[in-house]
Amino acid sequence: MKIDPDASSQQIHGTHHEHVDHILHYPPSGEVPGLPRISATLYNQDLAPTKKEGRHWTGYSIFTLWANDVHSLGNYGFILSLFALGLGSWQILLALAIGAALLFILLTYSGFMGHKTGVPFPVMSRIAFGIRGAQLPAAVRGAVAIVWFGIQTYLATLVLRVMLIAIAPGLAGLDHNSFLGLSTLGWITFLFLWVVQVVIVRFGMDMIRKYEVFAGPIVLVTLVALAVWMFFKAGMSISFSTNHPLTGGAMWRSIFGGAALWVTIYGTFVLNFCDFTRAAKSRRAIVKGNVWGIPINTMLFGIIAVTMAGAQFKINGHIITSPSDIVESIPNTFLVVVASLALLVLTIAVNMMANFVAPVYALNNFFPKRLNFARASLISAIIGLVILPWNLYNNPVVIVYFLGGLGALLGPLFGIIMVDYWLIRKARINVPALYTLEDHQPYFYKGGVNPRAIIAFIPAAAIAIVFGLVPFFKDISDFSWFFGAGIAGLIYYFSSPNRNPQLEDVSGEAIAVASAH
């Protein structure tokens with residue numbers, strides 16, 4: 001195996017950098033005929049493909065990933081907003097069923113990519129965008145995740161503050177002042193949760209997997225218990241809609257719009273699901289985990305959400321915005337503490353999975369010679385702190401235009417990557433060539449960037465942003481992710497000079513590392 005000497009000899013052979021957190025990890029020395037020269041600017045232990053043998057993620061591991069993420073507080077807020085909009089219970093469940101069916105297909109094919117190649121999302125992006133052009137999708141995905149990491153941590157502090165004040169009412173006095181937009185109790189709880197997440201993630205992806213497995217059953221049992229409690233509290237019946245339900249065309253538009261938004265919510269995950277499935281034991285494990293975790297788990301989630309909403313509406317005509325509203329109404333301090341702890345376990349699980357992993361790999365991709373998983377996770381967390389996310393969350397303009405605009409970019413990225421992988425290359429990938437600067441290799445394109453991917457991305461992204469954010473297009477704004485993905489995919493496909501190329505399918509086993517995930 002050839003190693004490109006674009007790192008110093010001390011870095012490769014010396015003593016200093018090899019002993020600092022094992023930052024530099026290279027393929028074993030020796031010549032392997034037919035493989036390209038591996039570049040130290042494109043390869044490290046975290047970016048390298050994982051060996052097939054020794055992968056740890058089973059179908060249950062993937063199921064618990066979804067058991068946590070689908071039941072996030074943000075998702076409950078979304079479903080409860082559909083109830084407030086005027087959709088009834090069966091209409092919400094239909095919207096979820098349509099969205100879950102689409103997501104199952106998209107996430108399964110996205111997951112297969114990770115299992116076959118063993119590479120994380122930034123490296124996967126090199127296939128379509130080029131070894132340098134891949135910085136674009138990695139940066140977009142990472143930026144969205146870092147902001148949401150901070151926001152989700154802040155939302156978790158709200159639950160923790162309720163729990164602490166329930167235990168010690170005197171702490172309420174620390175929750176009325178403000179420093180940089182957050183109270184003293186807010187700072188204490190935020191920093192505590194921030195440290196907890198940093199510690200867990202610094203142990204790597206395998207610790208995240210173990211935490212997800214631990215959290216999944218706790219989350220499901222707690223939320224089912226809350227729904228059952230509300231059902232009995234409402235006299236064992238619920239309101240199936242508000243007093244002003246939608247009907248006719250408006251109802252069907254909201255059903256399909258809700259289904260589309262459910263897919264859009266997971267526009268991040270359909271991109272970087274390979275970050276997790278690169279450690280999956282088999283394709284069967286991915287399918288099994290997705291079957292239980294997406295359609296089946298999503299419908300359970302929907303039943304819980306409509307039960308909570310319908311029960312509360314029957315009791316007093318009030319529409320709740322989150323399960324945490326129900327927790328606050330529990331007339332028993334011990335049960336409030338138990339339920340609050342479960343919601344905290346849930347929020348941390350969702351945050352680490354959805355908002356921590358992506359920026360860690362993105363930063364690794366930018367600085368593979370300087371960073372590893374632990375260092376990149378700390379940098380991501382620091383950025384998520386210094387942006388003062390509570391101020392962003394409390395500013396609707398920032399949420400709508402900044403995060404909405406970034407989110408609109410995810411659809412075009414997905415369309416290009418999937419069309420390139422499945423329709424043009426037909427899953428024939430030369431994995432070692434993803435780590436070389438040799439200009440004759442298939443992913444070098446022009447200076448490391450694929451112009452066709454950029455040409456497809458720019459107009460599709462512009463259209464998706466306009467459709468998603470400009471009020472004139474509000475009737476189709478729910479579908480902006482699909483417009484972006486479809487337009488980008490079509491442009492990329494039809495601009496390809498050869499839509500049935502003869503390509504090598506080369507495994508990455510020769511340069512792979514043992515799965516630590």
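The largest cavity holds about 60 Å³ of space. The model examined here is predicted. Searching the whole structure gives three cavities of 30 Å³ or more.

The lining of the largest cavity is made up of Ser110, Met113, Phe121, Met124, Val270, Leu271, Cys274, Phe414, Ile417 and Met418. Two or more lining residues come from each of the helices tabulated below.

| Element | Residues |
|---|---|
| α4 | 89–117 |
| α5 | 121–129 |
| α10 | 269–272 |
| α18 | 410–424 |

Of these elements, α18 supplies the largest share of the lining, with three residues. By residue class, the lining has nine nonpolar residues and one polar residue, and no charged residue.

A separate point concerns Thr298, which sits in helix α12, spanning residues 283–316. Is Thr298 buried or exposed? Its relative accessibility is 1%, and the cut-off for buried is under 20%, so Thr298 counts as buried.

What does the side chain of Thr298 reach? The side chain of Thr298 comes to 2.4 Å from the backbone oxygen of Ile294. With neighbours within four places in sequence set aside, the residues in contact with Thr298 are Val70, Leu96, Ala100, Trp262 and Gly293.

Key. Residues are numbered from 1 along each chain as its sequence is written. This is a predicted model: local features need pLDDT of at least 70, side-chain atom pairs count only at pLDDT 80 or more; totals for chains, interfaces and linings use all residues. Side-chain values use heavy atoms; hydrogens and water are left out. On a 1 Å grid over the protein atoms alone, a cavity is a set of points where a 1.4 Å probe fits but cannot get out, and a pocket is an open set with protein on both sides within 12 Å along at least five of seven lines; lining residues have an atom within 4 Å of a point. Grid points are joined across faces, edges and corners, and a volume is the space filled by probe spheres set on the points. Helices (H or I, at least four residues) and strands (E, at least two) are DSSP runs, numbered from the N terminus. Ala, Val, Leu, Ile, Met, Phe, Trp, Tyr, Cys and Pro count as nonpolar, Asp, Glu, Lys and Arg as charged, and the others, Gly among them, as polar. Buried means under 20% relative accessible area, exposed over 50%, partly exposed in between (1.4 Å probe, protein chains only). A polar contact is a pair of N or O atoms within 3.5 Å; within protein, one must be able to donate a hydrogen and the other to accept it, and residues adjacent in sequence count only if both atoms are side-chain atoms. Contact means heavy atoms within 4.5 Å.
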